[in-house]
Amino acid sequence: MINYIVNLLLMITYLSSYGISKIKNDLIKQNISENIIDEQLNDLDKNIFSERLEKIVKKKIESNKKYSNNFLRQKLINDLINLGYDRSDIINIIDKHIKNDTSILECEYNKLYNRLKLKYDGIEFKNKLIQKLIQKGFNREDIYNLIQKKED
């Protein structure tokens, strides 16, 4: 029985993107003793999970084209917790890889500018533009700096 569990655990570990919590919960649902699962999980190399987590975070950050850093960070945390990774590990890796990228803000600014300039004028236009960018999760200070730069 234990050999079966070890093989099952190794297969799940190497073939899926699940974290320790998700693997453990899935095995418990299969009526496998929690003590046996814990013993076998302790024998696994934890670097496998941290390397996989880092790879997932890098890939998601590099492929981001529209989300603000705050929104992306929250989305990554939620998605990775659902995959069974530890919240503190997720936050450490995200903070290490996420950078302040104003190109996404500029792209969203340009899209909204072109759409809203047809509907609004003057101060109402500027307020709507700022409001929409804040709703998308961008930092208020970055928005004001970009607007100031565009107006100059």
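Predicted model: local features only at pLDDT ≥ 70, side-chain atom pairs only at ≥ 80, totals over all residues.

Guide: The C-alpha trace spans about 75 × 25 × 20 Å along its principal axes, and the radius of gyration of the protein chain is 22 Å, whereas a compact globule of 152 residues would have one near 15 Å. Of those 152 residues, 32% count as buried, and the protein chain exposes about 10,000 Å², of which carbon and sulfur atoms supply 47%.

Now to the part you asked about. In soluble globular proteins, nonpolar side chains tend to be buried together. The largest nonpolar core here holds 21 residues, and those that touch the most other members are Leu53, Val57, Leu80, Tyr85, Ile90 and Ile94. At least two residues of this core come from each of helix H2 (20-29), helix H3 (34-43), helix H4 (46-63), H5 and helix H6 (87-97), and H4 gives the most, with 5 residues. Leu80 shows how such a member is placed: leaving aside its neighbours within four places in sequence, Leu80 is in contact with Leu53, Ile56, Val57, Tyr85 and Ile90. Apart from this core lies another, of 13 residues, with Ile104, Ile130, Leu133 and Ile143 among them.

Individual residues on the contributing helices can then be examined in turn. Leu72 has its place in helix H5, which covers residues 69-82, and because its relative accessible area is 5%, Leu72 counts as buried. Setting aside neighbours within four places in sequence, Leu72 is in contact with Ile61, Asn64, Tyr67 and Ile98. For a sense of distance, Leu72 and Lys132 are 60 residues apart in sequence and lie 17 Å apart in space, C-alpha to C-alpha.

Arg52 has its place in helix H4, and Arg52 counts as buried because its relative accessibility is 13%, which falls under the 20% limit. The C-alpha atoms of Asp89 and Leu53 are separated by 8.4 Å, although the two residues are 36 apart along the chain.

Two values for the protein chain put these details in context. Among contacts with a separation of 6 or more, residues 24 or more positions apart account for 64%. As for charge, the protein chain has 27 positive and 22 negative side chains, and the centres of the two sets lie 8 Å apart.

Methods: Residues numbered from 1 in each chain as written. Heavy atoms only, no water. Helix = DSSP H or I, 4+ residues; strand = E, 2+ residues; numbered from the N terminus. Buried < 20%, exposed > 50% of the residue type's maximum accessible area, 1.4 Å probe, protein only. Contact = heavy atoms within 4.5 Å. Core = buried A, V, L, I, M, F, W, Y, C linked by side-chain atoms within 4.5 Å. Rg over C-alpha atoms; globule rule 2.2 N^0.38 Å. Areas by Shrake-Rupley, 256 points an atom, 1.4 Å probe, with all protein chains shown as cover. Lys, Arg positive; Asp, Glu negative; His and termini not counted. Charge placed at Lys NZ, Arg CZ, Asp CG, Glu CD.
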